[in-house]
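This briefing is meant for someone meeting the structure for the first time. Please keep the sequence and the model in view while reading.

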Amino acid sequence: MGEPAAAAPGDPDTPWLSEAERRELSKRTPDSAIVFALAFTGLVASFMMTLMTPLLPELPHLLSGTGGPISSTDAMWAVTATLLSAAIFTPIGGSLGDLYGKRRIILVLLASLVLGSVIAAFASTLIPLVIGRAMQGAGIGVIPLGISVLRDVLHRDRLGKAVALVSATLGIGGAVGLPISALISQYLDWHMLFWVSGALGAIGFVLVYTFVPVSTLRTGGRFDLPGAVGLAIALSGILLAVTKGNEWGWTSPLTLGLGAAGLVVLALWMFYELRTPHPLIDIRVATRRTVLLTNLASVMVGFAFFSSAVALPMLLETPTGTGVGIGQSMLVASLCLMPSGLIMWAMSGTAARLTAARGARISLLLGITIIAIGYGLAILLMTEVWHTVLVATAIGFGVGFAYAAMPTLIMGAVPATETAASNGLNSVMRTLGSTAASAVIGLVLATNLVTVGDLTTPSTQGFQLSFAISAAAGLIGIVLTLFIPRRQPHYATAALPE
């Protein structure tokens with residue numbers, strides 16, 4: 001994607017600083033402050049993914065207008081818009097960060113999150129709410145950008161733990177934020193969710209502006225606007241087909257048409273990206289063995305992680321009348337999932353030490369193996385609250401190791417000037433996996449039902465099949481990881497000081 005622009009000697013965002021310059025920098029901007037600012041913004045951004053989950057059952061009535069309540073299908077756009085926006089703007093934000101400065105684009109994305117929160121806070125109808133949620137979704141791009149900033153400014157001895165922590169925020173924020181959303185939704189006006197998210201986003205903006213160094217490591221060239229538009233169209237078609245397939249029908253002309261159109265545009269986009277001098281995403285880099293296999297494994301991890309967010313709360317909240325569910329409230333179900341996020345945070349340091357000692361490939365392999373084992377346990381243990389807590393904790397344990405390893409593998413296989421775009425693409429792969437999990441697990445649970453009297457719930461076989469599919473995704477991830485090369489190219493240390 002071009003050569004890096006010249007950087008001024010001693011600039012805080014240049015990865016080739018001398019030790020004397022780094023000591024001077026540390027007096028002005030402590031590493032801990034930089035990591036805290038980026039981890040906090042990652043938590044806030046990932047919180048947007050589960051912000052609306054507790055409200056979905058009530059949203060059709062909350063947004064009712066003169067024509068009465070909206071449909072549940074229409075209400076789901078409050079979630080779909082966020083997923084689409086995150087998938088589209090994350091790689092675009094990464095490319096813009098490589099071109100114009102990562103800190104600057106992080107601030108832009110956080111401003112979008114805050115503005116979207118304010119728009120949603122005043123919303124009483126669906127359209128402004130969807131607009132606000134889409135703007136919030138764009139903020140998720142701060143996570144891969146933050147990881148790339150860490151590679152630019154931290155010494156390699158401190159890089160692994162910091163990357164592991166910021167990467168894990170993609171799961172931590174959603175898991176820990178879910179009970180907060182449930183609590184606010186249950187006891188306060190639902191608009192308060194967006195005032196809280198807006199305030200958190202504003203705090204993140206101030207932290208980044210204050211502590212994160214200005215980026216000068218840039219990619220030469222110009223922004224690939226046709227590539228950005230093409231990627232947006234392709235991802236929109238594919239993700240809409242996946243997310244709305246259950247509602248529209250998997251064989252309906254709309255679902256098939258959007259999916260096929262998205263794949264065709266994606267193929268044309270790849271053809272164009274291979275031939276443009278300044279591509280949005282360098283396809284040749286993205287198809288290197290390490291990058292490609294890591295991204296494919298990321299799809300599996302994203303699928304397995306989000307499966308737990310779909311199936312476990314439903315199992316906990318399903319009434320006990322059919323002999324299947326555990327009959328808990330949304331708040332209790334959210335609290336049961338919280339250990340998953342906490343264990344991701346707690347294990348980030350351990351994952352970093354394992355990566356430093358044995359390599360990121362081993363850390364990823366261990367993480368996906370633990371995820372598969374966790375779902376194997378879920379097939380057998382699904383009748384008590386502590387069963388779900390145990391399973392969620394095991395999955396969080398595995399995801400913590402996997403999420404810590406992925407950025408390290410990616411950054412070790414790409415030039416320093418392409419870390420933001422490459423990490424952005426990796427985040428999109430996780431989002432694609434999560435989106436597929438929502439559709440697949442939702443379909444399995446919706447088509448495997450049991451009825452007792454007037455009560456109809458997902459059946460035991462439905463939950464077991466969901467867990468088996470998620471375990472299979474883990475097994476596929478294990479196979480993909482085994483084919484990742486043991487030895488990494490010279491990019492692994494090219495951008496880091498000795």
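The model is predicted, so local features need pLDDT of at least 70 and side-chain atom pairs count only at pLDDT 80 or more, while totals for chains, interfaces and linings use all residues. Residues are numbered from 1 along each chain as its sequence is written, and side-chain values use heavy atoms, with hydrogens and water left out.

**Overall make-up**

- The protein contains 20 helices and 2 strands, where helices (H or I, at least four residues) and strands (E, at least two) are DSSP runs numbered from the N terminus.
- Of its 498 residues, 58% count as buried, a term that means under 20% relative accessible area, whereas exposed means over 50% and partly exposed lies in between (1.4 Å probe, protein chains only).
- The accessible surface comes to about 19000 Å², with 70% of it belonging to carbon and sulfur atoms; such areas come from the Shrake-Rupley method with a 1.4 Å probe, and for residues only the protein chains shown count as cover.
- Among contacts (heavy atoms within 4.5 Å) between residues at least 6 apart in sequence, 81% join residues at least 24 apart.

- Leaving aside neighbours within four places in sequence, Leu 129 is in contact with Met 52, Leu 59, Leu 63, Ala 78, Ala 120, Ala 123, Trp 190 and Phe 194.

**Salt bridge**

- A search of the whole structure finds 1 salt bridge, defined as a side-chain nitrogen of Lys or Arg within 4 Å of a carboxyl oxygen of Asp or Glu.
- The partners are Lys 102 and Asp 152, whose closest N and O atoms are 2.8 Å apart.
- Lys 102 lies in helix 6 (residues 102-121) and Asp 152 in helix 8 (residues 142-153), so the pair ties together parts that are 50 residues apart in sequence.
- Lys 102 is buried, with a relative accessible area of 1%, and Asp 152 is buried as well, at 0%.

**Two single residues**

- Thr 255 sits in helix 12 (residues 253-275) and counts as buried at 4% relative accessibility.
- The side chain of Thr 255 reaches the backbone oxygen of Gly 249 at 2.9 Å, and, not counting residues up to four places away in sequence, Thr 255 touches Ala 241, Gly 245, Trp 248, Gly 249 and Trp 250.
- Leu 380, found in helix 16 (residues 360-380), is exposed, with a relative accessible area of 69%.
- The C-alpha atoms of Leu 380 and Gln 464 are separated by 8.2 Å, although these residues are 84 residues apart along the chain.

**Surface patch**

- Val 118, Phe 122, Leu 183, Tyr 187, Leu 188, Met 192 and Trp 195 make a nonpolar surface patch of about 720 Å².
- The elements that give two or more residues to this patch are helix 9 (156-187) and helix 10 (192-211).
- Patches are made of residues with over 30% relative accessible area and no salt bridge, with like charges joined within 9 Å and nonpolar side chains (Val, Leu, Ile, Met, Phe, Trp, Tyr) within 5 Å.
- Met 192 has its place in helix 10 and counts as partly exposed at 35% relative accessibility.

Conventions: A polar contact is a pair of N or O atoms within 3.5 Å; within protein, one must be able to donate a hydrogen and the other to accept it, and residues adjacent in sequence count only if both atoms are side-chain atoms.
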